Amino acid sequence: MEIPPYEESKDVIQRKLDQTTMILQNINAYFLLIDKDFIVCDTNYYSLNKLPAPEVGMTQKVGDLLHCRNAAEAGECGMHQQCKLCGIRAAIGRAFHKKESFQKVNASMNLLNDEEDKVIPCDVSVSGAYVVIDGEDHMVLTVYDVTELQNVQRLLNIERKNSISAERLKSTFIANISHEVRTPLNAIVGFSGLIATASDEEEKKMYMDIISENNERLLRLINDIFDLSQIEAGTLNFEYSEFDANDLLRELEGMFKVKLFNNPSVDLICEDSVQPIIMYSERQRIIQVMANLIHNAIKFTKSGEIRFSCRMEGTDEVHFYVSDTGIGIPKEEQQEIFSSFKKLDREVPGTGLGLTLSQTIIQNLGGRTGLESEVNKGSTFWFVVPLIMNREYN
């Protein structure tokens, strides 16, 4: 036996709606009593928003009342092409058809403000209670604005993903660093012991060269880690001064000529400018970035040349670059090459922190980085920084 739908008189429903209105006022929720044609028979919308009630006899549908953008464009709720895809209309239609209630239908809506000149994105949760009033089907809709709740949820999801990424990054960091620290330390400890037993001076010199090389590698690694962590914590000091970029290039040339002394198959070419390029920036940090780029070029260039220089870019920027004839970088890897721990060749020593650190330093100097590369033909890494450091970054 089919149970007839619960029916109440209009006066009883009105009294209940009046009582419910006071409750909903305090939780910032709308109720809408609607009929099967989606016409709003009663609502707390106007009192909740402190707006004057419409004139007697004036009818509005749900979308018209809520200032739905599609309803405004089509002239009436339900007439727009997109209304067929509206999840709220579909849920209300099914509930009327089945003569049942529904709960918590979530939807994202594009609403217009009262002046209808601005679109407001809004997330809502809608529940509907099916009732029969004086023999006619009606629905009491409860509409909650959950925009802030959804925004908080989105932020929490982003934080959760960032937390997972940070955890993975930490694991990758530990895996890379443990290997990169252990390798030079083992060499330093091992060859330090061999020096004591070596009788030949040439053998001792060879051991000393190996120890010196690994000392430098370990120091560079530790400095990169400290600098990167300090930049991310906002505690790394940047000391600005005036200098000629050409002097900086010549200093780099002196540093790296020594390193390539025993490798005649690679030429180091410094192309300093004829005209002075007087900058006001962080000299030591620019040297650090250029040294990172030249050091990488040496690691991946077995023969040919490594060329570095700078030039004016426009009137207020300086373009630095390091170009090599090394192995090059595949196009699909060029977008990730500045990511932490990204290594082109796992057989070559290094953590992959150098380019990440370099990019971070340049960004802190108000500049930008980039590269051009072709496999087996070489790479050019470049960065551009302001000629005169902007006080915004200083």
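Here is a friendly chat about helix packing, aromatic pairs and a loop residue in a predicted model.

Colleague: Let's start with the helices. How are H9 and H11 oriented to each other?

Modeller: Helix H9 covers residues 283–300 and helix H11 covers residues 354–364, and their axes come within 10 Å. The axes cross at roughly 150°, and angles over 145 degrees count as roughly antiparallel. H9 and H11 are therefore roughly antiparallel.

Colleague: Which residues of H11 make the contact with H9?

Modeller: The crossing of these two helices, H9 and H11, is left-handed. On the H9 side, the contact is made by Arg285, Gln288, Val289, Asn292, Leu293 and Asn296. By class, the contact of H9 with H11 has six nonpolar, five polar and one charged residues. From H11, the contributors are Gly354, Leu355, Leu357, Ser358, Ile361 and Ile362.

Colleague: And how many of the eleven residues of H11 are buried?

Modeller: H11 is mostly covered. Its buried residues include Thr356 and Thr360, along with Gly354 and Leu355. The count of buried residues in H11 is eight.

Colleague: Which residue just after H11 takes a positive phi?

Modeller: The place to look is just after the end of H11. The phi there is about 80°, and the residue is glycine 366.

Colleague: What about H8: how does it lie relative to H9?

Modeller: Helix H8, residues 245–259, packs against H9 with the axes 10 Å apart. H8 passes H9 in a right-handed crossing. The angle between H8 and H9 is about 40°, and that makes their arrangement oblique.

Colleague: How many nonpolar residues are in the contact of H8 with H9?

Modeller: H8 brings Asp247, Leu248, Leu249, Glu251, Leu252 and Phe256. These meet residues of H9, among them Arg283, Ile286, Ile287 and Met290. By class, the contact of H8 with H9 has one polar and three charged residues, and the number of nonpolar ones is ten.

Colleague: On to the rings. How many aromatic pairs does the structure hold, and is the pair of phenylalanine 191 and tyrosine 207 stacked or tilted?

Modeller: The structure holds three aromatic pairs. In the pair of phenylalanine 191 and tyrosine 207, the ring centres are 5.4 Å apart. Their planes lie at 45°, so the pair is tilted.

Colleague: Which parts of the chain does that pair tie together, and is tyrosine 207 buried or exposed?

Modeller: Phenylalanine 191 lies in helix H6 and tyrosine 207 in helix H7, so the pair ties together parts that are 16 residues apart in sequence. Phenylalanine 191 has 23% relative accessibility and counts as partly exposed. Tyrosine 207 has a relative accessible area of 9%, and under 20% means buried.

Colleague: How are the rings of phenylalanine 320 and phenylalanine 383 arranged: stacked or tilted?

Modeller: Phenylalanine 320 is in strand S11 and phenylalanine 383 in strand S13, 63 residues apart. Both phenylalanine 320 and phenylalanine 383 are buried. Their ring centres are 5.0 Å apart and their planes at 15°, so the pair is stacked.

Colleague: Last one: which residues does asparagine 376 touch, not counting residues up to four places away in sequence?

Modeller: Asparagine 376 lies in the loop between strand S12 and S13, and its relative accessible area of 64% makes it exposed. Asparagine 376 and isoleucine 329 are 47 residues apart in sequence, and 8.2 Å apart in space, C-alpha to C-alpha. With sequence neighbours up to four places away left out, asparagine 376 touches Gly326, Ile327 and Gly328.

Technical notes. Residues are numbered from 1 along each chain as its sequence is written. This is a predicted model: local features need pLDDT of at least 70, side-chain atom pairs count only at pLDDT 80 or more; totals for chains, interfaces and linings use all residues. Side-chain values use heavy atoms; hydrogens and water are left out. Axes are lines fitted to C-alpha atoms, for helices over the stretch in contact, and angles run from 0 to 180 degrees between N-to-C directions. Helices (H or I, at least four residues) and strands (E, at least two) are DSSP runs, numbered from the N terminus. Angles under 35 degrees count as roughly parallel, over 145 as roughly antiparallel, 65 to 115 as roughly perpendicular and the rest as oblique. A crossing is left-handed if the near helix is turned anticlockwise from the far one by less than a right angle, and right-handed if clockwise. Contact means heavy atoms within 4.5 Å. Ala, Val, Leu, Ile, Met, Phe, Trp, Tyr, Cys and Pro count as nonpolar, Asp, Glu, Lys and Arg as charged, and the others, Gly among them, as polar. Rings of Phe, Tyr and Trp (its six-membered ring) pair if their centres lie within 6.5 Å; planes under 30 degrees apart count as stacked, over 60 as edge-to-face and the rest as tilted. Buried means under 20% relative accessible area, exposed over 50%, partly exposed in between (1.4 Å probe, protein chains only).
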